[in-house]
Amino acid sequence: ANGILRDTLAPLPSDHVAVKFFVQKIWSLPLITCFMLFLIGTAFCKQNSVNAIDVVDYYISNFSLTLVCIAQFLVIGWVFGADNFSTLMEHRLGWSVPRPLALAWRYFGPLVLTIILIAGVVGSFQSPIVPEGWAQFIGWVVGVGPFLV
């Protein structure tokens, strides 16, 4: 938690109020984070919280995980490079990566996951899991919100 705090506060000037507070009271960030997550978790502890769990699970599994996987394929296949990754695997593990796997990292994996993501977005608009607009909004915020920050 302290590393996340340092990375979050790094762009701020050293005389900023938040920097002064969190540097002096380094224990406060884990306490605040745990309390906020506790409050969020209480929404899933009620007797009728099955619907809330279904909404969050649907949007996280359809969008968050798919976006993370697409990003991993793009980073390994294009940013770091499939050839560099294959060389690294060969040096560390002692076996070379088959060429079809390198092609999957670059082309097939991102293509298939992008198709799944588009189908999930279209499906969530055509037949949403819940009819209430506020629940759909919460699902989108939970599912896609972290990537917009």
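## Pocket, cores and selected residues

By class, the residues that line the largest pocket comprise 11 nonpolar, 2 polar and 2 charged, where Ala, Val, Leu, Ile, Met, Phe, Trp, Tyr, Cys and Pro count as nonpolar, Asp, Glu, Lys and Arg as charged, and the others, Gly among them, as polar. The model is a predicted one, in which local features need pLDDT of at least 70 and side-chain atom pairs count only at pLDDT 80 or more, while totals for chains, interfaces and linings use all residues. Residues are numbered from 1 along each chain as its sequence is written, and side-chain values use heavy atoms, with hydrogens and water left out.

The lining of this pocket has 15 residues, and N51, A52, W134, A135 and I138 are those that lie nearest its centre. A pocket here is an open set of points on a 1 Å grid over the protein atoms alone, where a 1.4 Å probe fits, with protein on both sides within 12 Å along at least five of seven lines, and lining residues have an atom within 4 Å of a point. The elements that give two or more residues to the lining are α4 and α7, helices being DSSP runs of H or I with at least four residues, numbered from the N terminus. The volume of the largest pocket is about 360 Å³, taken as the space filled by probe spheres set on the grid points, which are joined across faces, edges and corners.

The largest nonpolar core is made up of 10 residues, namely V55, Y58, Y59, F63, I70, L113, L117, V130, A135 and V144. Such a core is a set of buried Ala, Val, Leu, Ile, Met, Phe, Trp, Tyr and Cys residues joined through side-chain atoms within 4.5 Å, and buried means under 20% relative accessible area, exposed over 50% and partly exposed in between, with a 1.4 Å probe and protein chains only. Two or more residues of this core come from each of α4 (50–79), α6 (99–126) and α7 (133–148), and α4 gives the most, with 5 residues. A135, which is among the residues nearest the centre of the largest pocket, touches V55 and V130 when residues up to four places away in sequence are not counted. There is also a second, separate core of 6 residues, which includes A82, F85, M89 and W105.

Helix α5 (residues 82–93) holds S86, and A82 also has its place in α5. Contact means heavy atoms within 4.5 Å; leaving aside neighbours within four places in sequence, S86 is in contact with V97, A102 and W105, whereas A82 is in contact with I76, G77, A102, W105 and R106. A82 and V97 are 15 residues apart in sequence, and their C-alpha atoms are 9.6 Å apart in space.

L12 is placed in the loop between α1 (2–9) and α2 (17–24), and, with neighbours within four places in sequence left aside, L12 is in contact with A18 and V19. L12 and I129 are 117 residues apart in sequence and 41 Å apart in space, C-alpha to C-alpha.

| Residue | Relative accessibility | Class |
|---|---|---|
| A82 | 2% | buried |
| S86 | 14% | buried |
| C69 | 31% | partly exposed |
| L12 | 32% | partly exposed |
| C45 | 64% | exposed |

A search of the whole structure for disulfides, each a pair of cysteine sulfur atoms within 2.5 Å, finds 0. C45 is in no disulfide, and the nearest cysteine sulfur, that of C34, is 15 Å away.
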